Amino acid sequence: MYWILFIGIAVVSYLVQANLKRKFEKYSEVTVASGMTGAEVAQKMLRDNGIFDVRVQPHEGWLSDHYDPSCKTVNLSQDVYYSNSVAAAAVAAHECGHAVQHARGYAFLRLRSALVPAVQFSSSIMTWVILGGILLINVFPTLLLIGILLFALTTLFSFVTLPVEIDASRRATQWLQGAAITSHTQQPMAVDALRSAAYTYVVAALSSLATLVYYLSIYLSRRD
């Protein structure tokens, strides 16, 4: 049963990623009404929100865009940084949405940032702990339980990420329209692009939850 679930999630994940790629390629062909590049959009959104201590810089990799709160940088992939498409504007505004969250002390972003060190540590060892726990389940079941707790931390992180990403997209789309970056006909495109990106986080969170339940079932089945 679990294998069917995992296969189903894998298929959905592939379809969501393929849809995201298709949407961004489609909207990358549409020049944004303002004519501004992703870098210019990001800089303007930061200024409009009274943020002057965050740098906008190009970054390597396709859709590698992210906001780094530790050094206050909005890192945009080159396809976004230099492009004046609707897709580029949407992504740039979304990443600046995280900068606005940081500046405003958004609760879920603060929680996610607080979880990062623990999640990084957990991710570095949990695979080996879980593997060892499964192999030694009849001798030392506590080891698997420790692995499950470590994995649960990453699952929690995935679900905390959801409101952070959704709120950043909400801030982005509202600002894009209010600042006349996108036209009336382009606004739904920006919303669609960011919604497609959000689905990837939903699938990742559900996949993590399904895996957690699977490990729990292994731990509990030792009593049978």
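Residues are numbered from 1 along each chain as its sequence is written, and side-chain values use heavy atoms, with hydrogens and water left out. Because the model is predicted, local features need pLDDT of at least 70 and side-chain atom pairs count only at pLDDT 80 or more, while totals for chains, interfaces and linings use all residues.

**Cores**

The largest nonpolar core has 37 residues. Such a core is a set of buried Ala, Val, Leu, Ile, Met, Phe, Trp, Tyr and Cys residues joined through side-chain atoms within 4.5 Å. Val41, Val74, Leu76, Leu176 and Ile181 touch the most other members. At least two residues each come from α1 (2–27), α2 (38–48), β3, α3 (78–81), α4 (86–104), α6 and α7. Helices (H or I, at least four residues) and strands (E, at least two) are DSSP runs, numbered from the N terminus. The largest share, 11 residues, belongs to α4. Another core, of 13 residues, lies apart from this one and includes Met126, Ile130, Leu150 and Phe151.

Leu176 is in contact (heavy atoms within 4.5 Å) with Val41, Ala89, Ala90, Ala93, Ile181, Thr182, Gln187 and Ala190, leaving out residues up to four places away in sequence.

**The α5 and α6 pair**

The axes of α5 and α6 lie 7 Å apart, at an angle of about 150°. Axes are lines fitted to C-alpha atoms, for helices over the stretch in contact, and angles run from 0 to 180 degrees between N-to-C directions. The contact of α5 with α6 involves 24 nonpolar, seven polar and two charged residues. Here Ala, Val, Leu, Ile, Met, Phe, Trp, Tyr, Cys and Pro count as nonpolar, Asp, Glu, Lys and Arg as charged, and the others, Gly among them, as polar.

Arg112 is placed in helix α5 (residues 107–135). With 16% relative accessibility, Arg112 is buried; the term means under 20% relative accessible area, with exposed over 50% and partly exposed in between (1.4 Å probe, protein chains only). Not counting residues up to four places away in sequence, Arg112 touches His98, Phe157, Val160, Thr161, Val164 and Glu165.

**Positive phi**

Most residues other than glycine have a negative phi.

| Residue | Phi | Loop between |
|---|---|---|
| Ala180 | about 60° | α6 (141–178) and α7 (187–221) |

Lys72 is partly exposed, at a relative accessible area of 32%.
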